[in-house]
Amino acid sequence: MAGKHTASLPSYGYLKSPDDKDQWVIDPVAAPIVKRIFLLSMDGKGPYQIAQILSDEKVDIPAYHHQKLGIGLYKSREIKNPYLWRSTTIAHILENPVYLGHTCNFKTRKHFKDKRSHYVDQDEWTIIENTHEAIIDQDTFDNVQRLRSNIRRYPDGWGETHPLSGLMFCADCGSVMYIHRVNNGKRVPTFDCSSYHKTPVGSLCPSAHRIHASVVMTLVKETLKEIVKFSAEDEAEFRRPVEEAVASQQDSAIKEQKSRLAACLKRREELEVLICKIYEDNALGKLPDVRYQLLDAQYAGEQATLEQEIQELQEAVGKSEKKEYSASKFIALVRKYQDFEELTTPMLIEFVDKILVHERDVKGRFDSPQTIEIYFNFVGQFSAPHDEAEPTLEEIELEQRREATRQRRHEEYLRSKSTGWQATYYWKNKRAKKAKMDAAKEKIRAEDRENGIYYLPKQQGSTRQTEEVAL
């Protein structure tokens with residue numbers, strides 16, 4: 001608890017101070033490598049890809065670097081592959097709070113059975129803050145943790161990670177949305193709700209909330225362009241709505257969660273009273289055994305559901321209270337990217353906290369409006385004020401004609417569906433359409449295999465196509 005390091009060897013990126021063995025100082029050779037690992041992660045690279053990059057560039061692995069310095073467990077051992085980085089090494093570096101300048105003690109504990117040290121969960125570590133110089137700032141570290149927690153990672157060869165991966169969430173169920181690159185038979189990446197596809201399909205979420213990735217990228221870019229333009233015109237005027245947004249988010253972020261948590265806690269107390277009441281009534285003969293068993297099972301089920309919801313709400317409230325809202329940090333971030341032209345992955349991660357995607361207003365219609373909510377870091381929801389131009393008479397008439405056409409086609413579809421013709425046509429052409437779609441997908445996959453991108457082959461003896469996982 002005094003902040004002294006219990007580890008005999010400093011973490012990669014640090015060395016023991018020559019004046020004080022209990023103090024760590026920055027290693028001038030390894031610290032830039034640690035910074036680069038975090039920057040590559042911010043750029044969308046996974047641990048395997050980062051390890052491959054460092055191996056190709058023949059960067060010394062931590063053990064070999066320490067051996068050159070004459071320290072560590074390998075100072076007198078032979079290292080066969082001094083440049084072969086492992087993805088586990090990269091993952092440990094990305095998850096280690098020591099690079100924030102904190103001391104992390106008691107990361108292992110001896111097991112009572114084999115008397116050997118085993119790693120424990122990070123929430124059981126003893127962390128003493130600000131004991132040595134930091135290599136990574138808090139914002140970068142938090143962004144990397146947030147990004148890695150929401151992305152499905154595959155080894156290199158499964159394709160590049162999309163910049164929006166880990167930032168897209170379903171507005172209805174809250175699940176993360178995964179990208180499908182050739183699911184429509186074209187090279188048009190789309191995002192789908194992950195819960196919708198879980199068997200049985202549609203049981204956890206009623207819709208896929210499908211949306212093209214390019215649409216979201218364009219929306220985020222245009223929104224940021226408007227914010228940057230607004231800040232450049234008058235920063236003093238820009239600060240006022242930002243501060244108002246921060247105050248609003250701080251007040252409303254946990255209000256609904258706290259209200260629901262209070263209701264759940266009250267209902268839990270009521271259930272305890274009801275369970276005791278029916279137990280007493282049954283013991284005194286006022287309530288038959290059969291009725292008692294039914295009520296007891298019903299209350300027990302509701303109690304278990306409530307306990308789970310209370311735990312989730314308490315965690316959510318704790319995270320919301322710890323969430324940092326800062327007008328000055330958001331303004332500094334806008335000032336940093338004042339003249340941006342393209343929306344890069346690090347910029348996207350620094351600005352965007354999450355993106356919520358709603359279902360289309362008219363499900364199944366490609367031109368139907370679809371609501372997208374963008375939540376920025378430090379301020380939550382925010383948009384630059386702008387005056388919308390009133391539509392002209394010609395534009396109103398054109399939209400009315402389009403809406404009438406859409407309505408007529410929808411009525412024709414409903415008539416064909418009611419007669420059974422639509423179902424007949426669907427099943428008659430289903431096999432041919434599936435074969436055509438599979439052929440289009442296979443053509444794209446064949447091109448990707450030549451470039452080293454891997455897809456799972458079709459399972460032998462199965463009537464179902466193996467799900468494409470090259471996300």
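This is a predicted model: local features need pLDDT of at least 70, side-chain atom pairs count only at pLDDT 80 or more; totals for chains, interfaces and linings use all residues.
I take helices (H or I, at least four residues) and strands (E, at least two) as DSSP runs, numbered from the N terminus. Residues are numbered from 1 along each chain as its sequence is written, and side-chain values use heavy atoms, with hydrogens and water left out.

**Entry 1, the chain as a whole**

I looked up the secondary structure and found 13 helices and 13 strands in the chain. I call a residue buried under 20% relative accessible area, exposed over 50% and partly exposed in between, using a 1.4 Å probe and protein chains only; on that scale, 38% of the 471 residues are buried. The chain exposes about 29,500 Å², of which carbon and sulfur atoms supply 51%, the areas coming from the Shrake-Rupley method with a 1.4 Å probe. Contact here means heavy atoms within 4.5 Å, and of the contacts in the chain with a separation of 6 or more, 62% are between residues 24 or more positions apart.

Where does His111 sit? I find His111 in the loop between strand E4 (108-110) and strand E5 (117-119), where it counts as partly exposed at 32% relative accessibility. Not counting residues up to four places away in sequence, His111 touches Arg116 and His118.

His66 belongs to helix H3 (residues 62-69) and is buried, with a relative accessible area of 7%. With neighbours within four places in sequence left aside, I note contacts of His66 with Leu9, Pro10, Tyr12 and Ile71.

I place His162 in the loop between H5 and strand E7 (168-170); His162 is buried at a relative accessible area of 13%. Again leaving aside neighbours within four places in sequence, His162 is in contact with Ile179, Arg181, Phe191, Ala213 and Met217.

Two packed helices are described by the angle between their axes and the distance between the axes. I use axes that are lines fitted to C-alpha atoms, for helices over the stretch in contact, with angles running from 0 to 180 degrees between N-to-C directions. Angles under 35 degrees count as roughly parallel, over 145 as roughly antiparallel, 65 to 115 as roughly perpendicular and the rest as oblique.

At what angle do the axes of H2 and H4 cross? The axes of helix H2 (residues 47-56) and helix H4 (residues 87-95) cross at roughly 110° and come within 8 Å, which means that H2 is roughly perpendicular to H4. H2 passes H4 in a right-handed crossing, a crossing being left-handed if the near helix is turned anticlockwise from the far one by less than a right angle, and right-handed if clockwise. From H2 the contact takes in Pro47, Tyr48, Ile50, Ala51 and Leu54, and from H4 Ser87, Ile90 and Ala91. I sort these residues into 7 nonpolar, 1 polar and no charged, where Ala, Val, Leu, Ile, Met, Phe, Trp, Tyr, Cys and Pro count as nonpolar, Asp, Glu, Lys and Arg as charged, and the others, Gly among them, as polar.

Also in H4 I looked up Thr88, which counts as partly exposed at 48% relative accessibility. The C-alpha atoms of Thr88 and Ala51 are separated by 8.9 Å, with the two residues 37 residues apart along the chain.

For helix H1 (residues 31-42) and H2, I find axes that come within 10 Å and cross at roughly 135°, so H1 is oblique to H2. The crossing of H1 and H2 is right-handed. Ile33, Arg36, Ile37, Leu40 and Ser41 of H1 meet Ile50, Ile53 and Leu54 of H2, and the residues of this contact divide into 6 nonpolar, 1 polar and 1 charged.

Most residues other than glycine have a negative phi, and most peptide bonds are trans.

Lys58, not a glycine, has a positive phi of about 55°; I find Lys58 in the loop between H2 and H3, exposed at 57% relative accessibility. Asn130 has a positive phi near 55°, lies in the loop between strand E6 (126-128) and helix H5 (138-149), and is exposed with a relative accessible area of 62%.

Which form does the peptide bond from Thr199 to Pro200 take, cis or trans? I note it as cis, with omega near -10°, and Pro200 itself lies in the loop between strand E9 (190-193) and strand E10 (211-212).
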